[in-house]
Amino acid sequence: MYYDENPNSIHDIHELKVTLLNYPFTFLTDSGVFSKKMIDFGSQVLLNTLDFSRNERVLDLGCGYGPLGISLAKVQGVQATLVDINNRAVDLARKNASNNQVEVAIFQSNIYENVNGQFEHIISNPPIRAGKKVVHEIIEKSIDFLVDEGDLTIVIQKKQGAPSAKEKMATIFGNVEIMKKDKGYYVLRSRKHENS
């Protein structure tokens, strides 16, 4: 299961050659990590919605083997921090950052457990299979790790809880916007305003 800290499935390394943000990347993937055979559609929808400024700090929460944070750092020049509960995913993300000549911070963290500091942006394709409690914790605690006017952007399928995630974001932030809808996937964004 990709949401385990230490997956015990037999290794099965794949190499993916993909184009993200109009740039060619190569990623190593393995069994026991999320979406090992391709960059999943939800992540692609999310990535194509993001337009960040150079040197902005971005937290990629639940980074898997790193496609979102690595491609944003390479193409948009953000300062990316990538975290995942899954040690195998973290190891792959480190290799992938190195192989794609990208400097990013990567470490193991169960949600925000080991995260310090604040960010202009937090992005997540949350681990739906870990359950609603985990998805809602990602939303609830994100506000503590955002600078004023920073934002949380997540992608989630309608049938896998987009309506309840949207409601939770509106409750925590006092605002939520549907940035994009594509084949049942919703990209949702909430912004942290002063006093929220």
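Modeller: Let's start with helix H5 (residues 162-173): it lies across strand S7 (146-157), S8 and strand S9 (185-191), running at about 5° to S9. This is a predicted model, where local features need pLDDT of at least 70, side-chain atom pairs count only at pLDDT 80 or more, and totals for chains, interfaces and linings use all residues. Residues are numbered from 1 along each chain as its sequence is written, and side-chain values use heavy atoms, with hydrogens and water left out.

Biologist: What makes H5 a helix and S9 a strand, and what does that angle of about 5° to S9 refer to?

Modeller: Helices (H or I, at least four residues) and strands (E, at least two) are DSSP runs, numbered from the N terminus. Axes are lines fitted to C-alpha atoms, for helices over the stretch in contact (heavy atoms within 4.5 Å).

Biologist: Why is strand S6 (residues 119-124) called largely enclosed?

Modeller: Buried means under 20% relative accessible area (1.4 Å probe, protein chains only). Six of the six S6 residues are buried, so the rest of the structure largely encloses that strand.

Biologist: Which strands are the edges of the sheet?

Modeller: The order is S5-S4-S3-S6-S7-S9-S8 in an open sheet. Strand S5 (105-108) and strand S8 (177-182) are the edges, each pairing on one side only.

Terms used. Two strands pair if DSSP finds at least two bridges between them. Axes are lines fitted to C-alpha atoms, for helices over the stretch in contact, and angles run from 0 to 180 degrees between N-to-C directions. Buried means under 20% relative accessible area, exposed over 50%, partly exposed in between (1.4 Å probe, protein chains only).
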